[in-house]
Amino acid sequence: MGSREITQQLGKVPLFSGLSQRELDAIVRAGKEVEHREGHVIARDGDRGIGFFLVLSGEARVSRGGKGLARLKPGDFFGEISLLDRGPRTATVTSTTPIRLLGVTAWVFRGLLTEYPSIAMKLLEVVAGRLRQVTKQAAT
């Protein structure tokens with residue numbers, strides 16, 4: 001998968017859906033491709049999140065307390081909220097095949113926000129929209 005395809009996949013992530021091509025390209029350039037073997041625990045429930053991961057190839061299992069919650073395949077992602085708060089992971093992600101990911105750490109992402117303040121504004125709009133939606137649902 002080339003950088004153009006990776007940028008397209010990144011644009012499908014809800015948190016990044018409002019970003020321009022230039023902003024998405026900057027995030028992809030700041031990211032790092034990482035590979036793990038089958039059975040590797042990529043993220044552990046309760047551990048501090050270090051950043052965001054986009055699945056480029058392979059598959060992974062998402063679980064909490066040993067119970068399977070979801071399967072991740074190319075184009076899926078996890079850890080986007082860790083970019084913002086570096087809080088604890090809410091699930092464990094384990095590769096079920098060899099897997100290749102684009103990883104963006106929170107500290108690198110914060111540097112991008114300084115360089116591209118427009119990214120920060122667009123992310124605030126997305127997060128505010130999500131909060132508004134959750135608040136509306138809770139009121140009904």
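Colleague: In this predicted model, is F109 buried or exposed?

Modeller: F109 is buried, as its relative accessible area is 0%.

Colleague: Which residues form an aromatic cluster?

Modeller: One aromatic cluster is formed by F16, F52, F77 and F109. Across the whole structure, a search finds four aromatic pairs. In one of them, the ring centres of F16 and F52 are 5.3 Å apart and the planes stand at 85°, so this pair is edge-to-face. Both F16 and F52 are buried.

Colleague: How is the pair of F16 and F109 arranged, and what is the angle between the planes?

Modeller: The aromatic pair of F16 and F109 is tilted, with 6.2 Å from centre to centre and 55° between the planes. F16 belongs to the loop between α1 and α2, whereas F109 belongs to helix α4 (residues 106–115), so the pair ties together parts that are 93 residues apart in sequence.

Colleague: By what quantities are two packed helices described?

Modeller: One gives the angle between the two axes and the distance between them. Here, the axes of helix α1 (residues 3–11) and helix α2 (residues 21–30) come within 9 Å and cross at roughly 110°. An angle from 65 to 115 degrees counts as roughly perpendicular, so α1 is roughly perpendicular to α2. The crossing is right-handed.

Colleague: Which residues make the contact of α1 and α2?

Modeller: S3, I6, T7, L10 and G11 contribute from α1, and Q21, L24, D25, I27 and V28 from α2. The residues of this contact comprise five nonpolar, four polar and one charged.

Note on methods: Residues are numbered from 1 along each chain as its sequence is written. This is a predicted model: local features need pLDDT of at least 70, side-chain atom pairs count only at pLDDT 80 or more; totals for chains, interfaces and linings use all residues. Side-chain values use heavy atoms; hydrogens and water are left out. Axes are lines fitted to C-alpha atoms, for helices over the stretch in contact, and angles run from 0 to 180 degrees between N-to-C directions. Helices (H or I, at least four residues) and strands (E, at least two) are DSSP runs, numbered from the N terminus. Angles under 35 degrees count as roughly parallel, over 145 as roughly antiparallel, 65 to 115 as roughly perpendicular and the rest as oblique. A crossing is left-handed if the near helix is turned anticlockwise from the far one by less than a right angle, and right-handed if clockwise. Contact means heavy atoms within 4.5 Å. Ala, Val, Leu, Ile, Met, Phe, Trp, Tyr, Cys and Pro count as nonpolar, Asp, Glu, Lys and Arg as charged, and the others, Gly among them, as polar. Rings of Phe, Tyr and Trp (its six-membered ring) pair if their centres lie within 6.5 Å; planes under 30 degrees apart count as stacked, over 60 as edge-to-face and the rest as tilted. Buried means under 20% relative accessible area, exposed over 50%, partly exposed in between (1.4 Å probe, protein chains only).
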